[in-house]
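User: I am new to this structure and would like to learn how to read its features one at a time. Could you take me through them, giving the general idea before each case?

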Amino acid sequence: LLACVSFGARSQDVTLVRVHTNMGSFLIELDTARASLTTRNFLEYVRSGHYSGTIFHRVISNFVVQGGGYDDNLTEKPNREAVPNESGNGLSNRRGTVGLARTGDPHSGTSQFYVNVADNVALDPQPSRWGYAVFGRIIEGMSVVDSIGAVATGARGEFESDVPLKSIVIEKVEEL
């Protein structure tokens with residue numbers, strides 16, 4: 001069973017997005033009320049077709065699967081301006097939630113996203129530091145995400161570890 005933060009009843013503040021991969025598809029419910037800047041940013045990438053042909057380039061078993069920024073040659077796709085960090089929105093990095101990936105700079109999130117395949121509350125904000133902003137949750141197809149999270153990984157390109165040995169391609173992402 002999928003255990004994650006409840007976003008409450010569906011309303012005009014919720015948008016659905018289906019991610020199609022070469023391993024199957026999964027459905028994300030975006031929380032446009034609590035993560036308005038992050039969901040707006042994500043949807044701009046969806047609507048522009050940015051995610052088509054990107055891969056899950058970082059897969060860490062029992063932690064996260066991350067993608068949306070690199071093509072199969074591990075060339076980073078161009079990004080728009082980063083969005084302000086919304087990690088203080090009350091949503092927690094629990095299994096099945098979707099967050100905005102970033103560098104060590106808390107306000108550096110652009111196109112890359114991750115799905116938590118375990119409860120990762122250490123990614124939530126603390127009084128002394130920024131966290132990683134959750135902006136959605138998987139409501140269908142978590143078994144596909146779990147399958148992605150279980151693939152063999154290793155070094156490839158500039159990455160020293162955690163890259164799937166067989167590419168997991170995001171074929172398209174569509175707003176429903």
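Predicted model: local features only at pLDDT ≥ 70, side-chain atom pairs only at ≥ 80, totals over all residues.

User: Which other strand pairs with β5, and are its faces covered or open?

Analyst: In a regular strand the side chains alternate between the two faces of the sheet. Here both faces of β5 are covered, since Thr-97 and Gly-99 on one side and Val-98 and Leu-100 on the other are all buried, where buried means under 20% relative accessible area, exposed over 50%, and partly exposed in between (1.4 Å probe, protein chains only). Strand β7 (residues 134–140) pairs with β5 in the antiparallel sense over three bridges, and the bridge partner of Gly-99 in β7 is Val-134.

User: How many residues of strand β4 are buried, and which strands pair with β4?

Analyst: Seven of the eight residues of β4 (residues 64–71) are buried, so this strand is largely enclosed by the rest of the structure. Strand β3 (residues 54–60) pairs with β4 in the antiparallel sense over five bridges, with Val-59 opposite Val-65, and β6 (residues 113–116) pairs with β4 in the antiparallel sense over four bridges. The bridge partner of Val-65 in β6 is Val-115. The hairpin of β3 and β4 has three residues between the strands, and Asn-62 in that turn has a positive phi of about 60°.

User: How should I read the length of helix α1, and what follows α1?

Analyst: The expected span of a helix is 1.5 Å times one less than its number of residues. Helix α1 (residues 36–48) has 13 residues and reaches 18 Å from its first C-alpha to its last, close to the 18 Å expected. Its buried residues include Phe-42, Leu-43 and Val-46, and α1 is followed by Gly-49, whose phi is positive, near 80°.

User: Which residues touch the most other members of the largest nonpolar core?

Analyst: A nonpolar core is a set of buried Ala, Val, Leu, Ile, Met, Phe, Trp, Tyr and Cys residues joined through side-chain atoms within 4.5 Å. The largest has 29 residues, of which Phe-26, Phe-42 and Phe-56 touch the most other members. A second, separate core of five residues includes Ile-55, Tyr-70, Leu-74 and Phe-159.

User: Finally, what does the radius of gyration say about the whole chain?

Analyst: The radius of gyration is taken over C-alpha atoms, and the globule rule is 2.2 Å times the number of residues to the power 0.38. With 176 residues, a compact globule would come near 16 Å, and the chain has 15 Å, which agrees. The chain has two helices and 10 strands, and buried residues make up 52% of its 176 residues.

How values were computed: Residues numbered from 1 in each chain as written. Heavy atoms only, no water. Pairing = 2+ DSSP bridges.
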